[in-house]
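Welcome to this short tour! Open your viewer, get ready to select residues by number, and follow along stop by stop.

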Amino acid sequence: MSSSVIAGVNVEEISKHLNCSICDRLIRSPKLLPCLHSFCQQCLEDLANANEGFLCPQCKTEIRIPKEEIENLPNNFFLDNMLDIALINSSDSEPVPCTNCDLNATANSRCIDCGEFLCGDCYNVHKRIRQTKEHRILTITELLSSTTGEVLHRLAYCKNHKTEQLNYFCGTCNEAVCRDCLIIEHRQHKYDYISESKKIQKHKDGLKSLLEETLPRIKTIEQANADIRSFRDALHGRLGTVKSEIRVMTTELIQVLKEREKQLLSKADQMFKFKNSIIEDQQNELCLENIKFKTACDFTAQVLKHANEVELLLLKDPIKNRLTELNKAELNTIPRERGNMRYDVDRIEADRAVEQALGKVKSYGEIKIDENINEIVSQKDGVQEKGERIPGATKPPQKDCISVEVKDSIGVAISQDNLPQDQKQSRATFTPRVKGVYSINVYSCGKLVGDLQIDFKNSNPEDSTTDKPSDPVPRQRSAKQSFAGSDGKFGKLSDPQDVAVDNKGHVIVSDSRNHRIQVFDINGKFLCRFGKLGTREGLLQSPNGLAVNKDGNIVVSDMLNNRMQVFTLDGEYVKGFGGQGNDHLHHPSGVAVDKEGRIIVVDRGNARVVIYDDDGNLVTSFGSLGNGRGNFNSPSHVAVNSKGHIIVSDFGNDRIQVFSSSGTFMFRFGESGREDGKFNWPTGVAVNQSDQIIVSDSYNHRMQVFQPDGTFLSRFGSEGGREGEFKRPGGVAVTNTGNIVVADWGNDRIQVF
């Protein structure tokens, strides 16, 4: 029976390293490149140029090794040992072949001294021959139950004296040698047994120190990559907005402006292409750097953890060289470009000069970071302008501004106004909706200057005689649960895009950056996960939207594979659709299932909504690019209320649009801004049992709740990493008990309210 741990090694953890990425098969005769990636010897020989070398297929590091010298590369002894472990682990389903004879017989034991798997006949011969009869032999069952890795390490032999084991350490040459080496090449050198040498530990400590120095640089690269990715996302969003503004302005001008319109649209595309290429090139460079650092650190960590002294000595030089090389490398983590474009127009000048009236497509300029004020500054033609702030920068308090904040009896902020100081007086008005004690805090330039508590007892006679229900949505939004921090391990999340909840309370999360789906209970306990990077059926590439259909199966928007896939809760593939034909999807994002079982998909790249039946057959679609009624600009998520109305978050237009079940436009609400009821790139949307609409107001870092008709009701959350705070919240779902589950994208976690 296979085991998850053999000889102290987690088989599942090492299984991802056992395939050669060139031939996509189990690696054979693994050779270690200077960048610490390993491939089959034959694959490298096929890849190598006779004179000029080649690029590593994984990290693109230039390898200047001629084809004829491939065989002289270090053997990856560690990977050889792992292959043996994997072979033993699968022995219950696939017999281990005997490696000592050519009869292809099934092995039932392994010689620890020779490293050979033995069938019954070879075992008997092994015990009879004088040279091997004293060798230690263990059965496959004994190997499976072993707790020490020593029993699975292959013996290392001298490259010069092929039959001699490497048992000695030459202190003069600082390398492992055999008995014949001591007599010939290393005669009169200082040496001792490898098992007794104190210098081995010094080498190990040196590699460990280098590893500890290198590991923090991975976080630097990943953070820079995340910032670059956010700029690229912003650039894509702004492109659609800029184009829409250009088209709207063009329609208001006379026919003469048509040619100018084409020029500006072309300019926008050129600028986008230019800026996007800069961002994409830097992102690709950072990804490659990340691969280089991760590979080196992962390999070093595995060697330190699993290699014996001989293997450590054989691998120490390439590891030390690689880590030293990486630590000396300069990391270009400062963004070269930002995702900002704008369409600049002056309507007054439009009456005087048609060409000027149509405006220009502008970039915000080159990026500069002032470390003192922590904000982005653009500089052009000698004039310095303040642009968008660096993510995470603290916004300075507004000068000469009075702000008034009203909190209800449980301390939840329900109103906030910024008031200009006019004639030394300012006024704010707030109408309470329910009885209770309200706290009023007054701030000047961001500092608290006064506070007051008022006990509102509902003095309106009509209200006091009428037994009106209190606000149906509780104003208290304390986080009941928060789980899953940043990591690639099981149960950990990286860029969670969406969340869904089934009737049994399972919380299902699209773990986008890890290309998988994870399932938790409502308390955050990890239950299972499925999916990995790929294009075949059942594989995923940056999954986005999630929904649960009437059969309890999980519907997944496989975004970068441009298709929809359906899985059971256990991860078994059921079917796929939307990847071809007239309904071909382009970057599908949000998805919902209505009472009839229809699957409603936000086709983000095509700026529309597509409706399928439960079998994945196209029913209808609606929407197109624009900012008019029923138009979309990068739509994000979708929800369906009890009446079958389809609610779509129109990300690029900063609004929510509501349609009938057939796709007929009904109404819309929201606009760009930070005030209550306004949005800054809304993403996730859901409805509760009262059909109230819950929206993730992404770049305002908060959640907003609206009545079914779009009237603002309440909000909760603010920017931050503590419980109850958000960093660009994404998908949202509501449980049967009324809990609100939010995918806190920027904090790599799920929060339950």
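Helices (H or I, at least four residues) and strands (E, at least two) are DSSP runs, numbered from the N terminus. This is a predicted model, where local features need pLDDT of at least 70 and side-chain atom pairs count only at pLDDT 80 or more, while totals for chains, interfaces and linings use all residues. Residues are numbered from 1 along each chain as its sequence is written, and side-chain values use heavy atoms, leaving out hydrogens and water.

**A helix residue.** Select Q282, in helix α8 (residues 258–306). Q282 counts as buried because its relative accessibility is 1% (buried means under 20% relative accessible area, with a 1.4 Å probe and protein chains only). Leaving aside residues up to four places away in sequence, Q282 touches I228, N332, T333, I334, P335 and R336 (contact means heavy atoms within 4.5 Å).

**Ring pairs.** Rings of Phe, Tyr and Trp (its six-membered ring) pair if their centres lie within 6.5 Å; planes under 30 degrees apart count as stacked, over 60 as edge-to-face and the rest as tilted. The structure holds 18 aromatic pairs. Select F530 and F567: this pair is tilted, 5.0 Å centre to centre with 40° between the planes. F530 lies in strand β28 (residues 526–530) and F567 in strand β31 (residues 563–567), so the pair ties together parts 37 residues apart in sequence. Both F530 and F567 are buried.

**Last stop.** Now show F667, F669, F679, F706 and F712, which ring pairs link into a cluster.

Definitions and conventions:
Buried < 20%, exposed > 50% of the residue type's maximum accessible area, 1.4 Å probe, protein only.
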